[in-house]
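Here is a short briefing on one protein model. Look over the sequence and the structure first.

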Amino acid sequence: MTMINAYDGAAAGLSAEDRALLARRERVLGPAYRLFYETPLHVVRGEGVWLYDKAGRRYLDAYNNVASVGHSRPEVVEAIAAQAAVLNTHTRYLHEGVVAYAEALLATFPAELANLMLTCTGSEANDLALRIARTVTGGRGLIVTELAYHGVTAAIAGASPSLGPGNPLGPDVWTVPAPVSPATGADVGRQFADGVSRALGDMRAKGVRPAALLVDTIFSSDGVFADPPGFLTEAAGRIRAAGGLFIADEVQAGFGRVGPQMWGFARHGLVPDIVTMGKPMGNGHPVAGLVVRHEHAAAFGAAVRYFNTFGGNPVSCAAAMAVLKVIQGERLAENSGVVGDRLRAGLDALRQRHSRVGEVRGAGLFIGVDLERPSGEPAPEAATAVVNHMRDAGVLISATGPGGNILKIRPPLVFKPEHADILLGALSEALDAI
Ligand code: PMP
């Protein structure tokens, strides 16, 4: 993924101890890894919405969507520990855990999405979704957005243009422009669907049959495009009319992130053929997967068996079940909607006072804020300065999008109104300071 606000090698502001750790890290991990922030952050502990460094200084986490029910959430920790103490095998034995979890999770989906297949990462879930789509349709062609990120396997990195020019796209991959903002006055759904139709036409001309349209339903790496609800329906119709599947990548948008709905596709009033998920599913324990229409699971299963050594093991299912229970028990999808609305209202108010603040977009607790130069052009330098200033002030956010100028705010779902107010205060100060 394009890395914005990455550590630039200056090591400014680091203690001697952290500088030594950084040197050891670079020696053993090599140069492909990146660190956040001009002064990298060394955290040693997390609790709820807070991360702590060695000195005990706390940082409000408004970035990490994985720990969605809160860092070190006791119910999840206990579920993992209890199951690990009893049994951890795999999905080739009968076990209550995986079945009970599948039943509970599938109950959050429309009835058509009747089967769950488990993996360890979102990348694997998308890879499996692509294999299913290719098996079911007999086609190869895959359509993604221009700055999509879907993961790290060879096939899926090849469908992740946000990895940059050093990462060649796969031979059967077509890209389409991301949706535009409704503020442009455009018919967002029509415009996005027309891009899909153009890609389908090009595919046809090259003799490639379509397998799927794969989209992140919050378009996170493209710059956060959520509105108007329903705009994805037309594009989903176009891919299906051409014989392909519609795959919703909900690794970012799922599990209440775009609340009050549990799933991003629900905002669009459609039922995908496959929904992939991961990140917050185990609150940090690596569990991911996909739900799929039964007829597609049946066609795939008739052609090939599926087994994943770690995917869906009893410990992973215990973690995932604990997470789901907290999300449902504490109505965190609703909280995401309520606190997200408060944040957006506060950001809109900041916009009145700070000329750098442009459009505020998003849904639930996934928010993108454009920062602009006086000329109206994207201001990546302002985004970098704000993100680093806020880190120094004890609030963690990031930046994204094609111009690197879109603040990305995506806190754990246990974020409360008082946390939103801390964030807004820190952002206002950062905007004053830059
Ligand atoms: N899809 C989307 C939309 C993502 O944001 C990511 C991770 N950033 C992935 C897939 C890949 O998930 P993982 O890192 O768990 O493989």
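Predicted model: local features only at pLDDT ≥ 70, side-chain atom pairs only at ≥ 80, totals over all residues.

Residues are numbered from 1 along each chain as its sequence is written, and side-chain values use heavy atoms, with hydrogens and water left out.

**Domains**
- The domain assignment gives domain 1 (16-69 + 331-433) and domain 2 (74-329); such bounds come from an automatic or database assignment.
- Their centres, taken over C-alpha atoms, are 25 Å apart.
- Contact (heavy atoms within 4.5 Å) links 28 residues of domain 1 with 31 residues of domain 2.

**Second largest pocket**
- The second largest pocket has a volume of about 400 Å³.
- Its lining has 22 residues, and Thr-91, Leu-116, Met-117, Leu-118 and Tyr-306 are the closest to its centre.
- A pocket is an open set of points on a 1 Å grid over the protein atoms alone, where a 1.4 Å probe fits, with protein on both sides within 12 Å along at least five of seven lines; lining residues have an atom within 4 Å of a point.
- Volume is the space filled by probe spheres set on the points, which are joined across faces, edges and corners.

**Asp-172**
- Asp-172 counts as buried because its relative accessibility is 16%; buried means under 20% relative accessible area (1.4 Å probe, protein chains only).
- Asp-172 touches Arg-134, Arg-140, Gly-141, Leu-142 and Val-208, leaving aside residues up to four places away in sequence.

How values were computed:
Buried < 20%, exposed > 50% of the residue type's maximum accessible area, 1.4 Å probe, protein only.
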